[in-house]
Amino acid sequence: MPIVDNDGTAIYYEVHGEGSPVVFVHGSGGHHAAWWQQVVALRDEHTVVTLDLRGFGNSDEDEAFDSLNFPGDIVAVLEDADLTDAVLLGQSIGAAAALKAALRVPERIRGVILAHSLGGIDAPEVTPLVKADRAEAEKLPVIDRLLTKSFREHEPAKTFLFTQMGTFNKARMQDLRNLATDGPTVADVAAAGIRLAFLAGEKDAVISPATVTRAHELVEGSLLEVVEGAPHSMYWETPDQFNAAVKKLIDLLGGN
């Protein structure tokens, strides 16, 4: 599988299928393999690209680790794979990296799907909402923020695999805190001409649908899909719902 150099750091990625490209950017506990349920669902219609940000999966970890280099990792993959008219999908903290990457190379991007995240958008109208959501989330054990209790009870094997995914990563949560700093403003997004789609879960314990909806209202021309009963890790727990929502948003963004 391909490896691309981003300023001395080796970044791993995979390409599956054929068609209009969709690039998946994982969250803090994932890596390229987290998207196993999405690759098989989309590869017959799309070129599906998965990658490992630095410090995750098969990618290198640089000595002066800084998550602000994540957008450059994504751009390096876009350029190495020569992708154009691509839809970027970032999940959770990966959404902030995806949006910043899109702003660097808007000529390669058709749209960005921000899954369970505002993508680090800097807007005074939503900042206090995000802080309030985070304060509530931090009252819960990490696993309760990510997967529902019902899923954990009925799918112990998939729950165990979910928790094992993070053991392949070198990056730690404290390494990721600054990724959402210096985030783009709504005006920055508008000026770049990039269409955004917000994908939220009704039962997301990290960021509420109300907060995501408010961000959607601020970004003119953006799309919004709220999936009933879905948690923060919708892509893992309810993949059929997640995949259907992603396909719908890609179509609305003109990705077919």
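Helix 3 (residues 93-104) is largely enclosed by the rest of the structure, because nine of its twelve residues are buried. Buried means under 20% relative accessible area, exposed over 50%, and partly exposed in between (1.4 Å probe, protein chains only). Helices (H or I, at least four residues) and strands (E, at least two) are DSSP runs, numbered from the N terminus. The buried residues are G94, A95, A96, A97, A98, L99, K100, A101 and A102. They pack against strand 3 (20-25), helix 2, strand 5 (86-91), strand 6 (109-115), helix 8 (186-192) and strand 7 (195-201).

This is a predicted model, in which local features need pLDDT of at least 70 and side-chain atom pairs count only at pLDDT 80 or more, while totals for chains, interfaces and linings use all residues. Residues are numbered from 1 along each chain as its sequence is written, and side-chain values use heavy atoms, with hydrogens and water left out.

Helix 2 (residues 70-80) is mostly covered, with nine of its eleven residues buried. These are F70, P71, G72, D73, I74, V75, A76, V77 and L78.

The loop between helix 2 and strand 5 contains D82 and D85. D82 follows helix 2 and has a positive phi, near 55 degrees; D82 counts as exposed, at 53% relative accessibility. D85, also not a glycine, has a positive phi of about 55 degrees and is partly exposed, with a relative accessible area of 34%.

## Nonpolar cores

A nonpolar core is a set of buried Ala, Val, Leu, Ile, Met, Phe, Trp, Tyr and Cys residues joined through side-chain atoms within 4.5 Å. The largest has 42 residues, and those with the most contacts inside it are I74, L78, L88, V112, L196 and F198. Apart from it lies another core of 29 residues, including V48, I113, A115 and L147.

Contact means heavy atoms within 4.5 Å. Beyond its neighbours within four places in sequence, L196 touches L99, V112, L114, I121, V189, V219, S222 and L223.

## Aromatic pairs

The whole structure has eight aromatic pairs. Rings of Phe, Tyr and Trp (its six-membered ring) pair if their centres lie within 6.5 Å; planes under 30 degrees apart count as stacked, over 60 as edge-to-face and the rest as tilted. W35 and Y235 form a tilted pair, 5.0 Å centre to centre with 45 degrees between the planes. W35 lies in the loop between strand 3 and helix 1 (36-42) and Y235 in helix 10 (residues 234-237), 200 residues apart.

F56 and F70 form an edge-to-face pair, 6.0 Å centre to centre with 65 degrees between the planes.
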